[in-house]
Amino acid sequence: MRWFALLLIAAPAFSAAPTIELKVDQAGYSTAAPKVGLVASKSAAKEFTVRRADNDAVAFRGTLSDAADDPDSGDRVQAADFTKLTRTGKYYLDVPGVGRSWIFAIDPDVYARSWYLAMRSYYGQRCGIAVDLGPEFPGYKHEACHMEGAYHASSGKSGPHVSKGGWHDAGDYGRYVVNSGISTGTLLWAWEMFGPRLRTIRLNLPESGNGTPDILNEIRWNLDWMLAMQDDDGGVWHKQTSERFCGFVMPEKDTFVSYVIGTGKEPFKSSCATGDFTAVMAIAARAFRPFQPEFAGKCLRAARQAWTWLEKYPNVTFNNPPGVATGGYGDGNCSDEHLWAAAELYRTTSDDAYHKYFLEHYGDFRKSIRPTGPQSWNNVANLALWTYVLGNGKDAVAAGAIRQDSLAAADEIVKRTAANPYRMSMTSRDYIWGSNSVAANYGMQLLVADALRRDPRYVEAATDNLHYLLGRNAFSLSWVTQVGENPFRHPHHRPSGADTNAEPWPGLLSGGPNRSRQDNAMRTKLAADLPPAKSYLDDQEAYAANEVAINWNAPLVFLLAGALGGK
């Protein structure tokens, strides 16, 4: 009996359940890349092992770094560096006196599944068609929805309007051109920058096998809806939503009329929406030309027509008209959208008129490329500046200035990321509504900088932000549904809340920690003195922390595309 008792006392930590004190990327680490787990514990830990998940055998032994204080989380953090472990397999981190981590993989293409789920999540967000995720996700389906569309009085027109198409924007069922703009543009950029890696990936869509890469097949579903939002004069209405949000029902149970909503007065369309539309259609014209040339031509004609309207109405802004309470996506300055439209049209057409506009205005936006505050739905100037350089803009002074600004900002982000105990790029001010998308957009910014000047530091820092999103964070939580052993499970997402599935719809990125706590659930259920990185609640009602959105998933898709194996 004494011998048996000694065996129990000596039982290793790996027999216990995983602890949130150990933080790893739960998808895993690429074979040749740096591999670091983090430990945030009050125990004075010194050593760690990495063990094989199948038999608990020790695969690597190492010494933990000295502890560093992280003021954003209140944690003391140590690093466990196991970069030298390169054997393919599944593992977990084990720290004596602390516990074990969630399981992770080491593999040359460890992010393939995560990319598939994150990109395929857009199929789950489709509006106007029956959706079924198929045998790998039985029960994840909905019927055709929002088939009744009409012009709202604020649009300047009346009568029915086509409603089919587009992606549900977020946890709600609205569709917004402005947010579709940066979302679709970012996805198209992922195709343009990483197309060889993505070309043959099958997303199991209704269109799969039609000769067009599936990433473009999915993007077209939203492009077709955006095209339907363009008026005959070239301007683009701001959004198509009901007058108020429905309850937590499946999309086909939302019986509110889906209205095309405008500004309520002449010219009824908005300049920000029209500028975003112009830019996206210009990119689409490039992307689809090898696969669907007729559609590419349609996109370019629509972009040119929208540009003409935008030149006439450069800053018609949008606020919700009376009686409409859905998302506003209001933006008081549409000049950055105008610049993006000019840059993408110039890259697509080489026309002097677009180039002239860009050169006359780009200098006003150089400060938008900065080490804090990446691109967002209401600040798309970065995309305008970068596409000029990536498209080999012929003015050497402009291209040189943009390149210099981009690399200087990336260098600062790299330094800040390396100094952060959690090895990610966000500052204290970045813990806002949708903070996880800020981390992903920093990653995108770094990968664009790497395209301008190859630098492994940029790629490593970008990947560090991916590690943060997939589990190497203060909560030891994968912020992507159904990715990793410990993903968040209660998104503010109507299909996930209304269906009967045990888990939420897959591949959706949570908004993440939010120091402002704009919802009642966060205000009442969280301690008032939590630091910003811990102001998070995995609760359906905590929409300010746990909603999902197409513009948050888009930089995640981009970041994952950059991390995929292959050229």
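Start the tour at the largest pocket, which holds about 760 Å³ of space. A pocket here, on a 1 Å grid over the protein atoms alone, is an open set of points where a 1.4 Å probe fits, with protein on both sides within 12 Å along at least five of seven lines, and its lining residues have an atom within 4 Å of a point. Points are joined across faces, edges and corners, and the volume is the space filled by probe spheres set on them. Bear in mind that this is a predicted model, where local features need pLDDT of at least 70 and side-chain atom pairs count only at pLDDT 80 or more, while totals for chains, interfaces and linings use all residues. Residues are numbered from 1 along each chain as its sequence is written, and side-chain values use heavy atoms, with hydrogens and water left out.

**Around the pocket**

Select Tyr329, Trp377, Trp433, Asn551 and Trp552: of the 34 lining residues, these lie nearest the pocket's centre. Then colour α3, α11 and α16 (550-563), each of which supplies at least two residues of the lining. Helices (H or I, at least four residues) and strands (E, at least two) are DSSP runs, numbered from the N terminus.

**The end of α3**

Next, pick leucine 198 in helix α3 (residues 177-198). Leucine 198 is buried, at 0% relative accessible area; buried means under 20%, exposed over 50% and partly exposed in between, with a 1.4 Å probe and protein chains only. Show its contacts (heavy atoms within 4.5 Å): leaving aside neighbours within four places in sequence, you'll find Trp115, Ala190, Trp191, Ile215, Ala561 and Leu564.

**Two cores**

Now for the nonpolar cores, sets of buried Ala, Val, Leu, Ile, Met, Phe, Trp, Tyr and Cys residues joined through side-chain atoms within 4.5 Å. The largest has 155 residues, and Tyr111, Trp115, Leu188, Phe288 and Ile402 have the most contacts inside it. Helix α5 (residues 271-288) gives this core its largest share, 12 residues. Zoom in on phenylalanine 288, which touches Leu188, Leu216, Arg220, Leu223, Pro293, Phe295 and Ala296, not counting residues up to four places away in sequence.

**Strand β8 and its partners**

Select β8 (residues 89-95) next: six of its seven residues are buried, so the strand is largely enclosed by the rest of the structure. Two strands pair if DSSP finds at least two bridges between them. β8 pairs with β4 (residues 47-52) in the antiparallel sense over four bridges, and arginine 52 stands opposite tyrosine 91. β10 (residues 104-107) is also antiparallel to β8, over three bridges, with lysine 90 opposite alanine 105. Follow the chain to β9 (residues 99-100), antiparallel to β8 over two bridges, where aspartate 94 has arginine 100 as its bridge partner. In that hairpin, with three residues between the strands, look for glycine 97 and its positive phi near 85°.

**Last stop: serine 425**

Finish in the loop between α10 (396-419) and α11 (435-452), where serine 425 sits. Is serine 425 buried or exposed? Its relative accessible area is 0%, so it counts as buried. Its side chain makes a polar contact with the side chain of threonine 417 at 2.6 Å. A polar contact is a pair of N or O atoms within 3.5 Å; within protein, one must be able to donate a hydrogen and the other to accept it, and residues adjacent in sequence count only if both atoms are side-chain atoms.
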